[in-house]
Amino acid sequence: MSGLDRDREGAPTRRRVLAHVAAWVLGVAVFRVGLIAPQSCPGVTVDELDHTIEQTVGWATTNLLSNGEFLYRYDRSSNTDLGGYNPTRHAAMTNALYQVAAAGDLRWIRETDRTLDYMLRNLVTTSDVVDAEAVAFAVGGARPRIGASALLVAAMAHRRTATGETTHDAQMRLLGQFLVGQIESNGAVAAEWDPGSREPVWGEYGIFATGEVAWALALLDETFPGEGWAGHGITIVEYVIHDRRAHEGLTLRAPDHWVSYATAELGDKWEPTPDESEYLRRLAGDFAVMIRVESQRSGAGIQKFLRFGQALGAGVGALGEGLAGLSRTPSIGDERDELEKHLVCTAGVLVDRQVDESDVVSDPTKEVGAWFKDDITQVDDQQHTLSTLLFAREVLTRETRP
Amino acid sequence: MTLRAFLLVTVAVGWWRLPAAFGHGTGPGRRNIAIQSAIVAAIAVCMAWVSGPILDGLAVDTETFRIATGLTITALGMARVLGWGSRPEPVDVDAGVAGSLWPVAYPVLLGPSTVLAAVSVGSDHGVFLVLIAVASAALFAVVFSFLNGGGRWSGSLVRLGGVVLILLAVALVFDGLRDV
C-alpha cells in the first residue's frame, strides 16, 4: 500500500495530488506573469542608434514652424496639430538638438539656430540695475518660468561647445544672473518671476525647474570658469538632497533627472558627503527600478492590465537621462557600469518603440522618428529620448572602440 | 547579507513542519528521513547550480528575481502563520524510501519556498552557500522528525517558522530593491 493510496477516508489522495499540481501550475503562472515578467532590453548597435537619432532630429527639424517653434503636440489618429505651446519644452528640445551638434554632428545646426533665435527674440529684462542686469526667456508677456531660461542657457552652452562661437556669451551671463536671482538663501529656486512686481515669485517651486537651474549654473561654470557659477549650483543640489522634500512638501524623493545632469556637470567641483552620495545612489536606484518596470511592459494583453500601458517617450527618455547623469557623477563612480547597462537598456527600449515608416497611420512627416502614446506625441517625447540616445551612443562607442 | 541568505535557504526548507506533519504518528524512520532530506538537498543544489541559465531563460536579472522571491516567500510565510501546513499528513511508515516521498520530500521539505530560495541565493551567492544551507536543513529535518508532534507546540512551531520566513523574505526584498 503506497502513501498516496492510504488516505481513503479523507479527501482522495489522488485528488490531493492533482490539487498540488494545479496549485504549482497556477503559482508558477502567477509568479511569471505577475512578478517576473520578462525584461525586454533589445540590444542596440551604434548604427541603430545613429539611425534613430537621425529620425528623431528629422522629426523635430522637418516640422519646424516658420517662426522657429516646434510642432508641439500631434494626434496621428485624426492627423491633427493639437496646438498649445510650452517655452520650457521649446528650450529643452533646442538643447537636445544642440547636444547632437556638440556630439559632433552639425548637420542640423542651421535649423536649430532658428529655434534659438525664437528664444532670443523673446528675452525680457528682469533687472533695471545696470551692474546686475539680467534677462529671462518668456513668450507673449507671460511670467518668465525659470526652467525655460535655464534650458536656454544649456542650449547655448552646447551650441558653444559644438561651434566654438562665443556670440552668445553675454546673453548667457545675463540669463545666469536671472537664474541666480531666483535662488532663495536655503538653495530653493523660485520657479517664476513676476513682471508686475519685478520680483521672483517666492515660495512657488517647480518640480523640475530647480534641477534645471542647478544644471545650467554648472554648465555656466564649465563655460566661464572662475566666475563662481558652480557655487550656486552646489547650493541648489545640496538643498535638493537635504531640504527639498520638507520645504516643498514632497512626499517622495523626486526622480529628478535634471539634478543628475547637474551632479555630472559639477564633477569634482562638488565634494558630496557620504550621506549625499547615498542620496544619489538611491536616486539611481529609483531610475533603475523604473526602467526595469518599463522594460517589462509589453503594452498588450494581460501585461497591459497588470502593468498598465507603456510610458510616454518623454518619461522613458527622462529615465535614461537620469541614469546617464548619475553614471557620470564622480562620487558614485563605482556604480557607473551598472548604470550604463540600464542606460543602454533604456536606449534599446526607445529604439524599439520609435515610429518608423511601417508604423505610419496618417502623415509620415509628423510620425516617423517620434514616440506616440495613445496616438499622441508631444515635443518632449522626442527631446528626452534624443538626449538618452546620445548618451547611450557614447557608451556603446566607447565599448566597441578597439 | 550572506548570513541572511544562508538562513533563508535553511528555513525555506520546511524541516520545522515535520513534527506537525507527522502529528501523533511515527515518521517513516530515521534512514528514510535522511534519504528524503538528501534528495531534497540535491534538488535544491541542482536548482542553485542552474540558476544562471534559469534566469537567462526567464529574461530577468538577479535583483528582480530576488524581489519576486522575497514577495512570494513572504506570502508563503503568512500562510504558515495562518496555520496552513500545520495539519498532520498521511504517512506510510512501511512504504520504504519511494513511498515516503510524500509527505517528507514533498510537500514538507521541497515546497516553492525551497525552490525559489535555492535559485535566488544560488544566483546571488553561488552553489556552495546553498549546499551548506540545505545540508544544515537536512540535519534539522532528521532531528525534528523524531519529535512527537501531537501537541499544540508543533502548530506553534509552524507559525513561528512562518514568522521567521517572513522576516528573512522581507529582508530579501529590501536587499533586491537596494541593489537595483
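Predicted model: local features only at pLDDT ≥ 70, side-chain atom pairs only at ≥ 80, totals over all residues.

Across all chains, a search of the whole structure finds 31 salt bridges.

**Salt bridge between A:Arg145 and A:Glu192**

- A:Arg145 and A:Glu192 form a salt bridge in which the closest N and O atoms are 2.3 Å apart.
- This pair links distant parts of the chain, 47 residues apart: A:Arg145 is in the loop between β4 (135-137) and α5 (146-163) of chain A, and A:Glu192 is in the loop between α6 (169-181) and β5 (193-194) of chain A.
- A:Arg145 is partly exposed, at 37% relative accessible area, whereas A:Glu192 is buried, at 13%.

**Salt bridge between A:Arg353 and A:Glu294**

- A salt bridge joins the side chains of A:Arg353 and A:Glu294, with an N to O distance of 2.5 Å.
- Because A:Arg353 belongs to helix α14 of chain A and A:Glu294 to helix α11 (residues 274-295) of chain A, the pair ties together parts that are 59 residues apart in sequence.
- Both A:Arg353 and A:Glu294 are buried.

**Salt bridge between A:Glu394 and A:Arg328**

- The side chains of A:Glu394 and A:Arg328 meet in a salt bridge at 3.1 Å, N to O.
- A:Glu394 lies in helix α16 (residues 379-400) of chain A and A:Arg328 in the loop between α13 (313-327) and α14 of chain A, so this contact ties together parts that are 66 residues apart in sequence.
- A:Glu394 is partly exposed, with a relative accessible area of 42%, and A:Arg328 is likewise partly exposed, at 28%.

**Salt-bridge network**

- A network of salt bridges links A:Glu54, A:Asp105 and A:Arg107.

**Disulfide and cysteine accessibility**

- A:Cys41 and A:Cys345 form a disulfide, with their sulfur atoms 2.0 Å apart.
- The torsion about the S-S bond of A:Cys41 and A:Cys345 is about -65 degrees, so the disulfide is left-handed.
- Because A:Cys41 is in the loop between α1 (13-35) and α2 (46-62) of chain A, and A:Cys345 is in helix α14 (residues 336-353) of chain A, the pair ties together parts that are 304 residues apart in sequence.
- A:Cys41 is partly exposed, at 37% relative accessibility, while A:Cys345 is buried, with a relative accessible area of 8%.
- In chain B, B:Cys46 counts as partly exposed, at 43% relative accessibility.

How values were computed
Residues numbered from 1 in each chain as written. Chains lettered and ligands numbered in written order. Heavy atoms only, no water. Disulfide = S-S within 2.5 Å. Helix = DSSP H or I, 4+ residues; strand = E, 2+ residues; numbered from the N terminus. Buried < 20%, exposed > 50% of the residue type's maximum accessible area, 1.4 Å probe, protein only. Salt bridge = Lys/Arg side-chain N within 4 Å of Asp/Glu carboxyl O.
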